[in-house]
Amino acid sequence: MASPKLSESGLPSMAEVIERIGFGWGQLKVALVGGCVWLADGSELLLIGSVTRAVAQEWNLQAWQRGSVVSVVFVGILLGNSLCGPFGDQHGRRLPIVVSYFGIAFFSILSACTQSYLQL
């Protein structure tokens with residue numbers, strides 16, 4: 001094993017410390033939890049197209065209404081990603097991830113309970 005590269009202060013460099021720590025359970029847990037948020041978000045995006053087509057016939061939606069339903073989902077993702085990144089930088093990653101899970105679940109249940117376009 002090569003000796004660690006020391007910085008001017010006599011301490012190992014950040015890259016060396018990260019390389020020495022390696023990949024472990026903590027990194028796997030973060031990747032799994034964060035990946036599940038992306039999975040839930042992605043599945044919702046896949047479903048929104050199918051659900052919009054099915055509901056459009058039942059509710060007699062016009063083309064602009066179908067488009068606005070899908071656009072609102074993308075605006076929500078844009079706002080969530082834009083706000084959670086800086087929030088996570090300041091306060092840690094756990095809270096934004098937990099809020100994302102609850103937000104996806106809460107708004108999915110709310111949208112499943114709607115009975116008209118205006119309720120969406």
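At what angle do the axes of α2 and helix α4 cross? I looked that up before anything else.

**Ground rules.** I'm working on a predicted model, where local features need pLDDT of at least 70, side-chain atom pairs count only at pLDDT 80 or more, and totals for chains, interfaces and linings use all residues. Residues are numbered from 1 along each chain as its sequence is written, and side-chain values use heavy atoms, with hydrogens and water left out.

**Helix packing.** The axes of α2 and α4 (residues 94-112) cross at roughly 25° and come within 10 Å. Then I checked α3 (residues 63-91): α2 packs on α3 at about 165°, axes 9 Å apart. That makes this pair roughly antiparallel. My note on handedness: α2 passes α4 in a left-handed crossing and α3 in a right-handed one (left-handed if the near helix is turned anticlockwise from the far one by less than a right angle, right-handed if clockwise).

**Salt bridge.** I searched the whole structure and got one salt bridge (a side-chain nitrogen of Lys or Arg within 4 Å of a carboxyl oxygen of Asp or Glu). R93 and D89 make it, at 2.9 Å from N to O. D89 is exposed, at 56% relative accessible area (exposed is over 50%, with a 1.4 Å probe and protein chains only).

I found F23 in the loop between α1 (14-21) and α2 (25-59). F23 is exposed too, at 66%.

Definitions and conventions. Helix = DSSP H or I, 4+ residues; strand = E, 2+ residues; numbered from the N terminus. Buried < 20%, exposed > 50% of the residue type's maximum accessible area, 1.4 Å probe, protein only. Axes fitted to C-alpha atoms, helices over the stretch in contact; angles between N-to-C directions. Parallel < 35°, antiparallel > 145°, perpendicular 65-115°, else oblique.
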